Amino acid sequence: QYSPDSVAGADGELDPTEVTFPGCSCRSLSCTAPQCPCLRRSHSYSGPCLRLPQQQQQQPFSRPVFECNSLCSCGESCQNRLVQRGLQLRLQVFRTPRKGWGVRALEPIPRGRFVCEYAGEVLGFAEAHRRIQAQAAEEPNYIIAVREHLHDGQVMETFVDPTRVGNVGRFLNHSCEPNLLMVPVRVDSMVPRLALFAAIDIAAGEELSFDYSGRFHNVPEASREHTPREEENSLRKPCYCGARTCASFLPWDSSLFSTP
């Protein structure tokens, strides 16, 4: 079932459509910092693009992204409303030689531009773990686990499964040298939208990809992926990204595959 936005999972643990954030009281058509409280706490946009650093940041934490929401007084044309507007680019799902389905751009995409969301059912850990355990080894796994490391040492986890309900994002392949970057973006509540931005300038016709492990543009400690034992490699799926630094296998997240 196609859905442009994430929906509540069958476990009903999280509802991504629930509005819990207060809105700003800005009266202008487009909010500006530092007057707008949404922008004061947020990494900012530049038109239709996310402001990306010229080089990978050395500090262990990046600023979060909060968009203006449905309770804000600003207009729909506010510059701080980007991911919530949805897909604006021409993309194509196509059959790749070795990786099954993939997605490519039908137009040039500049660095920092919002491309699409990885949408699906938002699940709690228990249901995500149950679904992973129920999968056969040969079945594709679409469940993604995003972990945000907070300043006080806590880790916030978000699990999204587009197997039954999802959008074009479910067809994006992994690459060890990707051209997309996943960023959690919050609009109405603490349940983030998993937004994918162009990490580099992308040419028309180029396949789109992101790093399933979360290593890309993150410090190494941010990933829960571990070095699998030799016997576990037989369970892992091979990586066909073709990158110079290809790790040979798709990323491996031990927390969802192991028995709690």
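**A buried serine and the strands beside it**

Author: The side chain of serine 189 reaches the backbone nitrogen of valine 191 at 3.3 Å. That is a polar contact: a pair of N or O atoms within 3.5 Å, where, within protein, one must be able to donate a hydrogen and the other to accept it, and residues adjacent in sequence count only if both atoms are side-chain atoms.

First, the ground rules. This is a predicted model, in which local features need pLDDT of at least 70 and side-chain atom pairs count only at pLDDT 80 or more, while totals for chains, interfaces and linings use all residues. Residues are numbered from 1 along each chain as its sequence is written, and side-chain values use heavy atoms, with hydrogens and water left out.

Serine 189 sits in the loop between β12 and β13. Its relative accessibility is 5%, so serine 189 counts as buried. Buried means under 20% relative accessible area, exposed over 50%, and partly exposed in between, with a 1.4 Å probe and protein chains only. What does serine 189 touch, not counting residues up to four places away in sequence? Its partners are Pro16, Glu18, Thr20 and Phe21. Contact here means heavy atoms within 4.5 Å. Valine 19 belongs in this picture too: its C-alpha atom is separated from that of serine 189 by 5.6 Å, although the two residues are 170 apart along the chain.

Now the strands on either side of the loop. β12 and β13 form a hairpin, with six residues between them. Strands (E, at least two residues) and helices (H or I, at least four) are DSSP runs, numbered from the N terminus. β12 covers residues 180-186; six bridges join it to β13, and the two run antiparallel. Two strands pair if DSSP finds at least two bridges between them. Proline 184 has leucine 194 as its bridge partner in β13.

β13 has another partner. Strand β7 (residues 114-117) is joined to β13 by three bridges, again antiparallel. There, glutamate 117 stands opposite alanine 195. Strands of a sheet pair through backbone hydrogen bonds, either parallel or antiparallel.

Is β13 (residues 193-198) mostly covered or mostly open? It is mostly covered: six of its six residues are buried. Arg193, Ala195 and Phe197 point one way. Leu194, Leu196 and Ala198 point the other way. Both sets are buried.

Serine 42 lies in the loop between α1 (37-40) and β2 (45-46). With 1% relative accessibility, serine 42 also counts as buried. Its side chain reaches the backbone nitrogen of phenylalanine 66 at 2.8 Å. Leaving aside neighbours within four places in sequence, serine 42 is in contact with Arg63, Pro64, Val65 and Phe66.

Last, the cysteines. The structure holds zero disulfides, a disulfide being a pair of cysteine sulfur atoms within 2.5 Å. Cysteine 176 is buried, at 14% relative accessible area. Cysteine 241 is buried as well, at 18%.
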